[in-house]
2 protein chains.
Amino acid sequence: MTREGNRKPEILDTRLVAKSRLFGIEEMHLRFSNGVERTYERLRTPPIAGVMCVPMLDRDTVVLIREYGAGVDEYQITLPKGAYEHGEDWRDAANRELKEEAGYGAGKLTLLKRMTLSPGYMGHHITVALAEDLYEERLPGDEPEPLEVIPWKLSRLDELLQREDMTEARVIAALLMTQRLMDR
Amino acid sequence: MTREGNRKPEILDTRLVAKSRLFGIEEMHLRFSNGVERTYERLRTPPIAGVMCVPMLDRDTVVLIREYGAGVDEYQITLPKGAYEHGEDWRDAANRELKEEAGYGAGKLTLLKRMTLSPGYMGHHITVALAEDLYEERLPGDEPEPLEVIPWKLSRLDELLQREDMTEARVIAALLMTQRLMDR
């Protein structure tokens with residue numbers, strides 16, 4: 001599947017062209033293996049990675065949350081997620097976010113997939129993990145309001161996928177991967 | 001499922017704090033319905049929407065492409081996609097991107113799902129469409145190098161999902177939604 005000569009472009013120059021508290025924007029000057037040069041912009045990859053859990057109460061019941069998304073200015077159905085804190089690995093971060101956002105800890109965490117958001121414009125990765133053997137435990141989070149916790153049956157996933165407040169590609173991918181796994 | 005009193009936060013102020021050729025970063029000052037105030041940052045939503053196709057040669061064969069992603073600085077397996085051009089609707093844009101990136105036109109386009117990337121930080125949406133009744137037709141695109149076109153069997157989707165150059169959440173979600181549809 002790898003094509004001969006399809007070497008990665010050479011990065012001739014990268015510079016930060018704009019920044020804010022949270023984001024940085026980089027301009028990259030690239031030379032492709034065929035000699036064509038292009039200038040691209042991308043978001044600077046944050047030094048901290050992210051993690052997202054698919055918490056399963058049983059083989060058919062996933063724990064969803066409902067949270068305000070400032071990017072879209074709407075409440076959205078999503079899954080517990082967040083950035084690693086200092087010294088955490090993905091398992092620690094997954095379990096902490098699950099306790100903060102949904103009020104559960106997980107006895108068992110299984111890596112499902114490491115996903116990207118928009119590889120053309122962002123280096124951001126998120127580790128998506130299946131969370132099982134749940135037990136009730138709540139940690140205080142930094143949310144401005146308590147999140148609504150919604151147990152939902154994977155057997156009713158079609159209905160969920162049709163909702164206009166359920167749009168996040170990472171969440172759709174994670175739920176469909178989980179359903180395939182559970183159906184085996 | 002809607003909780004009483006879970007009204008959207010009031011946007012007290014929005015201002016542009018950084019911008020580049022392609023991106024803008026906004027700072028939002030919000031007041032949640034419980035009175036808590038927070039300052040968030042988000043990417044400015046671009047005025048043009050995006051579209052992504054799942055092109056099917058037959059009920060088991062999807063047309064993938066392999067493209068350099070500057071955000072991750074790696075070649076990635078993805079699906080034909082791009083932004084609407086002036087005056088286009090999603091069907092026009094889907095068919096044009098398909099012809100430019102994969103060398104096919106589609107006789108039939110079906111809306112699968114309107115997806116978001118990261119609703120907490122970005123308003124970006126992409127319309128994901130199933131493309132069927134394909135015919136060969138190539139349009140010149142603006143790619144710096146020709147894209148590698150890879151027909152892949154959905155019956156071998158597990159193998160694809162395990163690849164480290166297949167990570168994009170929107171693509172995973174689109175392929176899994178298509179497989180569910182085709183299995184019916």
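This is a predicted model: local features need pLDDT of at least 70, side-chain atom pairs count only at pLDDT 80 or more; totals for chains, interfaces and linings use all residues.
**Entry 1: where the two chains meet**

I started with the interface. Chain B and chain A bury about 6700 Å² between them, and 58% of that is on carbon and sulfur atoms. I looked up who takes part: 78 residues come from chain B and 78 residues from chain A.

Next I checked the polar side of things. I found 42 residue pairs in polar contact across the interface, counting pairs with both residues at pLDDT 80 or more. On chain B's side, helix α3 (residues 169-182) gives the most, with 8 residues touching chain A. Sorted by class, that side of chain B has 37 nonpolar, 18 polar and 23 charged residues.

How many salt bridges are there between chain B and chain A? I got 10 salt bridges. I looked up one example: the side chains of Asp158(B) and Arg180(A) form a salt bridge, with N to O at 2.1 Å.

**Entry 2: Glu41(A), reaching over to chain B**

I then picked out Glu41(A), which sits in strand β3 (residues 37-43) of chain A. Is Glu41(A) buried or exposed? Its relative accessibility is 3%, so Glu41(A) counts as buried, the cut-off being under 20%.

I followed its side chain into chain B. There, the side chain of Glu41(A) makes a polar contact of 2.6 Å with the side chain of Ser20(B). A polar atom of the Glu41(A) side chain also lies 3.0 Å from the backbone nitrogen of Leu22(B). Leaving out residues up to four places away in sequence, I noted what else Glu41(A) touches, including Val17(A), Tyr121(A), Arg21(B) and Phe23(B).

**Entry 3: Glu88(B), in a loop**

Glu88(B) is in the loop between β7 (81-83) and α1 (90-101) of chain B. Its relative accessible area is 18%, so Glu88(B) is buried too, being under 20%.

What does the side chain of Glu88(B) reach at 2.7 Å? I found the backbone nitrogen of Glu85(B). The side chains of Glu88(B) and Arg96(B) are joined by a polar contact of 2.6 Å. Arg96(B) turns up again in the contact list of Glu88(B), along with Ala83(B) and Ala93(B), once residues up to four places away in sequence are left out.

**Entry 4: two faces of β10(B)**

Last, I looked at strand β10 (residues 148-153) of chain B. Its covered face has Glu148(B), Ile150(B) and Trp152(B), while Val149(B), Pro151(B) and Lys153(B) are on the uncovered one. Side chains in a regular strand alternate between the two faces of the sheet.

I also checked the pairing: β5 (residues 61-69) of chain B runs antiparallel to β10(B), over 6 bridges. Ile65(B) has Val149(B) as its bridge partner in β10(B).

Terms used
Residues are numbered from 1 along each chain as its sequence is written. Chains are lettered from A and ligands numbered from 1 in the order in which they are written. Side-chain values use heavy atoms; hydrogens and water are left out. Helices (H or I, at least four residues) and strands (E, at least two) are DSSP runs, numbered from the N terminus. Buried means under 20% relative accessible area, exposed over 50%, partly exposed in between (1.4 Å probe, protein chains only). A polar contact is a pair of N or O atoms within 3.5 Å; within protein, one must be able to donate a hydrogen and the other to accept it, and residues adjacent in sequence count only if both atoms are side-chain atoms. Contact means heavy atoms within 4.5 Å. Buried area is the accessible area (1.4 Å probe) that two parts lose on being put together, summed over both. A salt bridge is a side-chain nitrogen of Lys or Arg within 4 Å of a carboxyl oxygen of Asp or Glu. Ala, Val, Leu, Ile, Met, Phe, Trp, Tyr, Cys and Pro count as nonpolar, Asp, Glu, Lys and Arg as charged, and the others, Gly among them, as polar. Two strands pair if DSSP finds at least two bridges between them.
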